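Please have the structure open while I talk.

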Amino acid sequence: TYRYNIEWLDSHADYCVLQFPCTEKHVKGETAKIRYRYSENIIGEENLFEEWLVTKRIANYVCNKIFRRGFIQCFSFPEGWSFEDRYLMVNILQSCNYVHLSDVGLYNYYKVKGQLTERPVERNAFSLFHADCHIATYIVSYIHVSSLNRVYYEKLNNCIYYLGIIKREGK
């Protein structure tokens, strides 16, 4: 199945990113699936950000994506930060115009007790503040798009909330 996705990406030179289905498996037994009934192409930077931040069809993490080598080599995860996928996704989506959502393949993402994304916000406030500021700084240019306008103000509110925690914690 991964071979099919790689071959698809190889045969579509305009596409730098291919996302394949993902299943989130939780410790408590719940399962959330990101599945597509059919393959779909998302074209245009504005659409990419809407599909990532509003509909959430483009996942926040990079583990279920295949990237064109020459494209992804231009990026790196920021060192020393938690939630680094958020930073990387902003940079990736602003640099490509085409993402293919494949209905082929499956990545199992296991959420376990005590992992970083399950920890209290207070322990991650500084990284979350920086990640949401990075997102808000970029999408301010799309403030005319009503769905992204809402996300922009949500991210700003999050930043204010995280700043309160950081100040309270004395960091």
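Predicted model: local features only at pLDDT ≥ 70, side-chain atom pairs only at ≥ 80, totals over all residues.

The rings of Tyr 152 and Tyr 153 have centres 5.0 Å apart, and because their planes stand at 75 degrees, over the 60 that the class requires, the pair is edge-to-face.

Tyr 152 is also listed among the buried residues of helix α6, which include Leu 148, Val 151, Lys 155, Cys 159, Tyr 162 and Ile 166. As a general point, an α-helix has 3.6 residues a turn, so residues three or four places apart point the same way. Helix α6 covers residues 146-169, and its 24 residues should span 34 Å at 1.5 Å a residue, which agrees with the 35 Å between its end C-alpha atoms. After α6 comes Gly 170, where phi is positive, near 70 degrees.

Let me turn to the aromatic pairs across the whole structure, of which the search finds twelve. In one of them, Tyr 15 and Tyr 98, the ring centres lie 5.1 Å apart with the planes at 50 degrees, so this pair is tilted. Tyr 15 sits in the loop between α1 and β1 while Tyr 98 belongs to strand β6, and the pair therefore ties together parts that are 83 residues apart in sequence. Tyr 15 is buried, with a relative accessible area of 6%, but Tyr 98, at 25%, is partly exposed.

Finally, ring pairs also join Phe 49, Trp 52, Tyr 138 and Tyr 142 into a cluster.

Technical notes. Residues numbered from 1 in each chain as written. Heavy atoms only, no water. Phe/Tyr/Trp six-rings, centres within 6.5 Å; stacked < 30°, edge-to-face > 60°. Helix = DSSP H or I, 4+ residues; strand = E, 2+ residues; numbered from the N terminus. Buried < 20%, exposed > 50% of the residue type's maximum accessible area, 1.4 Å probe, protein only. Expected span 1.5 Å × (residues − 1).
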